[in-house]
Amino acid sequence: MRRLRRSSVGLTLVELAVVISVSGILFVATPPLVLQGVHTFVFLPRAQAANQVAMEILHAAMEGSHSTLSGLGGQTIRGLRFAVRQPSPAQPAIWLAENERIGFLIPHNPSITTDNQYVVLRLDGQQLKRSVYLTNACPPASLPSEEEILPYYAAGRIRVTTPNPPLFRYYNQSGALLSPPICSGTSAIRRVEMAFVAQTGGGDFSQGDAQVKVTSSVAIRFP
Amino acid sequence: MMPHGRVQSPKSEVRGGLLRTTDYGLRTTKCGLTLVELVLTVGLAGILGIPTGLLLSEHLRAAVTSRDSTVAMGLARAETEQLDSLNNFFALPLGTVTIANYQGYPYNLTRTITCQAGNCTSGSSNSQGVKRIVVTVTKAGSTAPLARMTTYRTKHVLFGL
């Protein structure tokens, strides 16, 4: 009998209880941790990309950026900060003001282009696009033949949405919010506020997606 | 008894007058981890997992900080430009104002306006004044500034003359 007990290999009740407890803890704790880790690994590069795109969009809209438009390739299209009215013939700095579209005048600069630039930024679907018009006819008769996505490398990867408020909001010199003066009355605009969400996929962390909501504004020096 | 983890060829032995044949095929069904092995495995997994978790945690913290900085800088600039666009020097009262949840974001914005030079309260055209405006954005519940911007507003100052 004693020989028989020696040959039977197994766990004591205490050992079994410990093993079951440890296994139970591992089974309960490990999957959520692993899942969270996987989400985080997927989320991190997307968060960085969304963040980067948000910064680039703000910079391109406010300050300007290099253009990929043919004819302007490699040259800088300046942003809203450099929008200036023209006295003769009288043209306001902002000639088109809508919730999801803005047109502004960048005056003649020999080092950049030979003519005034009538720059338009607009939200098209879930991408911010920039184009340069030949005139400031308001509303624009048609879209120019070519637009570029801001920033160019974000195409198809980062979505730009405007849940609330709209992409562009306009304020006068007293700080009062203006309802978008589409074409007329744009000379009263002294500040443009820009708000949007840059996100990957649905922006949901549980799906490994990321989003960043940003708001900034720029004063119009000579409206 | 065969030691665990060691490969041996089947053999027969005589014990107590009985011929006993060790059937390794049957014994493998009894093979498994001992408690010590299991604890060692869990310990090693922990040793490997903890640094990985810490690394991931730091990476995540950096991503969140980066996002906070981007958003806070945008908000600070929004407020600075807003003050800049007001065409009235006196619309900016001296003192410190804190706006909680600025524009619906989970950040607090503090605006401090001081009179940097001259007379900032007199409306006389002979009275020059320079206001210093500091805008600081912090995360709600924190005092560490995420973004800080400084600008100046003047009245009755003729630049370059």
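The paragraphs below describe how strands pair in this model.

The model is predicted. In general, the strands of a sheet pair through backbone hydrogen bonds, and the pairing is either parallel or antiparallel.

Begin with the open sheet in chain A. It has five strands, in the order S3-S4-S5-S6-S7, and their pairing is antiparallel. Which strands stand at the edges? They are strand S3, residues 94–97, and strand S7, residues 148–150, both of chain A. Each of these has a single partner strand, so one side of each is left without a neighbour in the sheet. From one strand to the next, the twist averages 25°.

Now take one pair from this sheet. Strand S5 of chain A covers residues 117–124, and strand S6 of chain A covers residues 127–133. How many bridges join S5 and S6? There are seven, and the two strands run in the antiparallel sense. To find your place in this pair, locate A:Arg122, which stands opposite A:Lys129 in S6(A).

Next, turn to strand S9 of chain A, residues 168–171. This strand pairs with strand S11 of chain A, residues 191–199, in the antiparallel sense over four bridges. Here A:Tyr171 stands opposite A:Arg191 in S11(A).

S9(A) also pairs with strand S10 of chain A, residues 177–178, again in the antiparallel sense, over two bridges. In this pairing A:Tyr170 stands opposite A:Leu178 in S10(A). S9(A) and S10(A) form a hairpin with five residues between the strands. Within this hairpin, A:Gly175 takes a positive phi near 85°.

Technical notes:
Residues are numbered from 1 along each chain as its sequence is written. Chains are lettered from A and ligands numbered from 1 in the order in which they are written. This is a predicted model: local features need pLDDT of at least 70, side-chain atom pairs count only at pLDDT 80 or more; totals for chains, interfaces and linings use all residues. Two strands pair if DSSP finds at least two bridges between them. Axes are lines fitted to C-alpha atoms, for helices over the stretch in contact, and angles run from 0 to 180 degrees between N-to-C directions.
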